[in-house]
Amino acid sequence: MPTCRAIRIQRSEQLRSDTCNMLNKVSEKTKNKKKKIWGSVHSGAPLGRVGARNRIGGVAMAFLALTPPPPMRFTCRASNESLLQSSPFQNFKPPRLGPLFWPWEKVSVGPLSVSPMGFGTWAWGNQLLWGYQEEMDTGLQETFNLAVSNGINIFDTADSYGTGKLNGQSERLLGKFIREFQGPPGMRDKIVIATKFAAYPWLLTAGQFVKACESSLERMQIEQIGIGQLHWSTANYAPLQEQALWDGLVAMYEKGLVQAVGVSNYGPKQLIKLYDYLKARGVPLSSAQVQFSLLSIGKDQKELKTICDSLGIRVISYSPLGLGMLTGKYNTSRLPRGPRALLFRQILPGLAPLLYTLEEIAQKRGKTMSQVAINWCMSKGTIPIPGVKTVQQARENLGALGWRLRSDEILELEKAAQESPRRMIQNIFQTK
Ligand SMILES: NC(=O)c1ccc[n+]([C@@H]2O[C@H](COP(=O)([O-])OP(=O)(O)OC[C@H]3O[C@@H](n4cnc5c(N)ncnc54)[C@H](OP(=O)(O)O)[C@@H]3O)[C@@H](O)[C@H]2O)c1
């Protein structure tokens, strides 16, 4: 039973935190007004819609994102009940909105405790789509170190990441970076690797699946994988193989090769079937990774999320930046190299309402478009794993943490997403 004093202290903590939140809001409004005036004075014209971020410069925005906001920031450190009693805000209680997604506000994935955002490593070793070069490795290691030092402890990879001779490179690099991490060992021990096992056509028995898992452990030189995920379901084209893959998930879990089991690209119907199968075998299904972003939020994603919530399965959002389209740095005359350009050329022309809203909210909040897009994924109760290729991108994406979109902003973004006629194409292996 909490004592009266404990209750009083708890109430006073709550009041102090509410007051600080409100003061911060006031401060933010003032800051935004100043920024608008500053912006128009310095540019001589109002900032354009899409692309203003580019004019300001990605580096400057990344710096802004992580730099503590200017002087009028109120912290909740001081504890002074008498001050609060005389405060004009004494009776003001804005609604509490939930966690602010600090990296230390860990989220559970089955038995694991992870940061509210992770990083994806598809690009690490992929020359074809992402333009990877081995000269990037030093920068990738710095990216990894920056992430871990800032509380990020979940990294997504796959046994199929890396093109041609570089197959498996993403896992190899992650293993190397973990081994060479210079920070406190406690931090290193808490790193969770979520890797995915491709449903290759030659994986026809549980034993072969276990071998694939052992090969990943070998590449990373670690003893146990955090989350072992089936990369995709074969239900659409080889339903008979599916059973062997599910048995493989059971076997790798029973052998203790993974701490938790997850899936990827499963739709609601197939997910329930797998959940029931695993449950009957005594294996909990801990996560479901799916393309989930402001560019990929339809009936299927919503249904999957509802089902996952009811079954205690954590949704992991892949491609939360729409492969880069939601960062605001691309437009029809500025496209990425490689096959992404084909896709972007089709989708970007229809994205004006969404990109405009993203940028507007970003400017009002003193954030970047990427930070807003990632924060939206967290606001929906999922763990986004934005892909990062540089220290700069990691630094900027870290600025998606420590704050939270308001519910009206979330609605505005979703309305704008609906008004944007083109959506992301779905993974060919995605099931219903
Ligand atoms: N389960 C699956 O089937 C599946 C499928 C896809 C992805 N995934 C996982 O999800 C992760 C993330 O998805 P994704 O990599 O496909 O797409 P994403 O996170 O939507 O976009 C990542 C790309 O956007 C650009 N970017 C990231 N942060 C940026 C920033 N702050 N400013 C400007 N540009 C930025 C980078 O590419 P550029 O600089 O080249 O533009 C980066 O590689 C992957 O790495 C992978 O681990 C899983």
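Analyst: **A close look at one residue**

Beyond its neighbours within four places in sequence, L203 is in contact with Q208, F209, A212, A244, L245 and G248. Contact here means C-beta atoms, placed from the backbone, within 7 Å of each other. The model is predicted: local features need pLDDT of at least 70, side-chain atom pairs count only at pLDDT 80 or more, and totals for chains, interfaces and linings use all residues. Residues are numbered from 1 along each chain as its sequence is written.

Where does L203 lie? It sits in the loop between β5 (192-197) and α9 (206-220). Helices (H or I, at least four residues) and strands (E, at least two) are DSSP runs, numbered from the N terminus. L203 counts as buried because it has 21 C-beta neighbours inside 10 Å. The cut-off for buried is 20 or more other C-beta atoms within 10 Å; 12 or fewer is exposed, and partly exposed falls in between, with C-beta atoms placed from the backbone. L245 is 42 residues from L203 along the chain, yet their C-alpha atoms are separated by 7.4 Å.

**On one side of the loop: the sheet**

β5 belongs to an open sheet of 8 strands, in the order β3-β4-β5-β6-β7-β8-β9-β10, with parallel pairing. β3 (119-120) and β10 (383-384) are at the edges with a single partner strand each, so one side of each has no neighbour in the sheet. Strands pair if DSSP finds at least two bridges between them. β10 pairs with β9 (residues 314-318) in the parallel sense, over 2 bridges. There, S317 stands opposite P384 in β10.

**On the other side: the helix**

α9 packs with α7 (residues 169-180) at about 45 degrees, their axes 7 Å apart. Axes are lines fitted to C-alpha atoms, for helices over the stretch in contact, and angles run from 0 to 180 degrees between N-to-C directions. α7 and α9 are therefore oblique to each other. Under 35 degrees counts as roughly parallel, over 145 as roughly antiparallel, 65 to 115 as roughly perpendicular, and the rest as oblique. E171, R172, L174 and G175 of α7 meet S216, R219 and M220 of α9. This contact of α7 with α9 divides into 2 nonpolar, 2 polar and 3 charged residues. Ala, Val, Leu, Ile, Met, Phe, Trp, Tyr, Cys and Pro count as nonpolar, Asp, Glu, Lys and Arg as charged, and the others, Gly among them, as polar.

Conventions
Contact = placed C-beta atoms within 7 Å.
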